[in-house]
Amino acid sequence: MMSRTRPSGITNVIVVLGFWLAAGVAQAADSAYPTRPIRLVVPFPPGGGVDATARIVGPKLSESMGQHWVVDNRSGAGGNLASEIVAHANPDGHTVLLALDTMLTANPVLYKLPFSVQKDLQPVVILAVSDQMVVVHPGVAANTLKELVALARQKPGEFRHGSGGMGSSNHLAAEQFKKAAGIDIVHVPYKGAGPSIAAVLSGEIQMNISSTASTIGFIKAGRLRALASTGAKRSSSLPEVPTIAESGYPGFEAIQWYGLVVPGATPKSIVARIHKDSVKALQAADVRAAMERLGLQQDPGTPQALVARIKKETAKWSAIIKSAGIRIQ
């Protein structure tokens, strides 16, 4: 019995047609994006700059994209829980992460992650950039950074500072400052900037270095005392507060940023759509005003520029982590 074989030319035509059909279906799916509400995974609880940014920008993205952006707070493991959710999500643009910078730069150095930041996550755009404020409980007998350093030197190991978690940007900024000032202050990690600020307010710890967004309301109400900011220049929202560089530590800078990230295999067309609508949202007058009130600045850049920034800052924080001997137990 003779076997039937299909001529190779016909086979090639079928393969090519199949490829173009699949590509057409994928392109159609991309052009219809989004087709349902978008889950915006926020790695920390309410009360910090990351969550505040999500609440400011999310409604504008909902308007421009025709689907609701639903905030889903998933705190834990220094932001790694939220990162893992997005890294393993369907890469169709309907699950997006609002990451704190150090989740993409420091966490891969500190943790053994069940995913690859480089391969499984794709940076899209920076939504906000923030200085950080060195703040103390009003009961601390220091009105300047110089006085705080003097107190810490008198009582090494007795002062405690909080952070949003091991390896968070406020933790690493504090380690950078402790090294520059030559002081010994005990680190107390919390599950987000909100809880760490609450600890300073209650007197559980004496000080914190945290975003302007999470501290400005308490500073203006007199519930926290701001001694210095971590930016290269003074915050436009709190111009009376000197920088750490002005306060005796030239060249000091430690800002934080919050950026949108999608699963690694997300099509470039969807990445471009999210980027375009994000930049549009940031340009809205009410968004700008809300961000300015919290001391948040804008520097969206391109996805490619964000990839380069992550690489550069990974090198910086790796050196700080090594110098401070930071290890996750």
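The model is predicted. H9 spans residues 193-202 and is mostly covered, with seven of its ten residues buried. These are Ala 193, Gly 194, Ser 196, Ile 197, Ala 199, Val 200 and Leu 201. The cover over them includes strands S5 (132-136), S6 (160-163) and S8 (207-211). Helices H8 (169-181) and H10 (212-220) also contribute to that cover.

Turn next to the nonpolar cores. The largest has 52 residues, and Trp 69, Leu 260 and Ile 274 touch the most other members. Strand S4 (residues 121-130) gives this core its largest share, seven residues. A second, separate core holds 32 residues, among them Val 140, Ile 185, Ile 209 and Tyr 249. In soluble globular proteins, nonpolar side chains tend to be buried together.

Beyond its neighbours within four places in sequence, Ile 274 contacts Tyr 33, Met 65, Trp 69, Gly 93, Val 96, Val 124, Leu 260 and Val 262.

Now the pockets. Helix H6 (117-120), S4 and helix H13 (303-324) each supply at least two of its lining residues. H13 gives the largest share, four residues. The lining comprises eight nonpolar residues, three polar and one charged. Lys 311 is one of the lining residues, as are Leu 104, Gln 118 and Val 261.

The second largest pocket has a volume of about 160 Å³. Here too H13 supplies the largest share of the lining, four residues. This lining has four nonpolar residues, no polar and five charged. Its members include Asp 101, Glu 253, Trp 257, Lys 312 and Trp 317.

Terms used
Residues numbered from 1 in each chain as written. Predicted model: local features only at pLDDT ≥ 70, side-chain atom pairs only at ≥ 80, totals over all residues. Heavy atoms only, no water. Core = buried A, V, L, I, M, F, W, Y, C linked by side-chain atoms within 4.5 Å. Buried < 20%, exposed > 50% of the residue type's maximum accessible area, 1.4 Å probe, protein only. Contact = heavy atoms within 4.5 Å. 1 Å grid on protein atoms, 1.4 Å probe; cavity = no way out; pocket = protein on both sides within 12 Å on 5 of 7 lines; lining within 4 Å. Nonpolar A, V, L, I, M, F, W, Y, C, P; charged D, E, K, R; others polar. Points joined across faces, edges and corners; volume = space filled by probe spheres on them.
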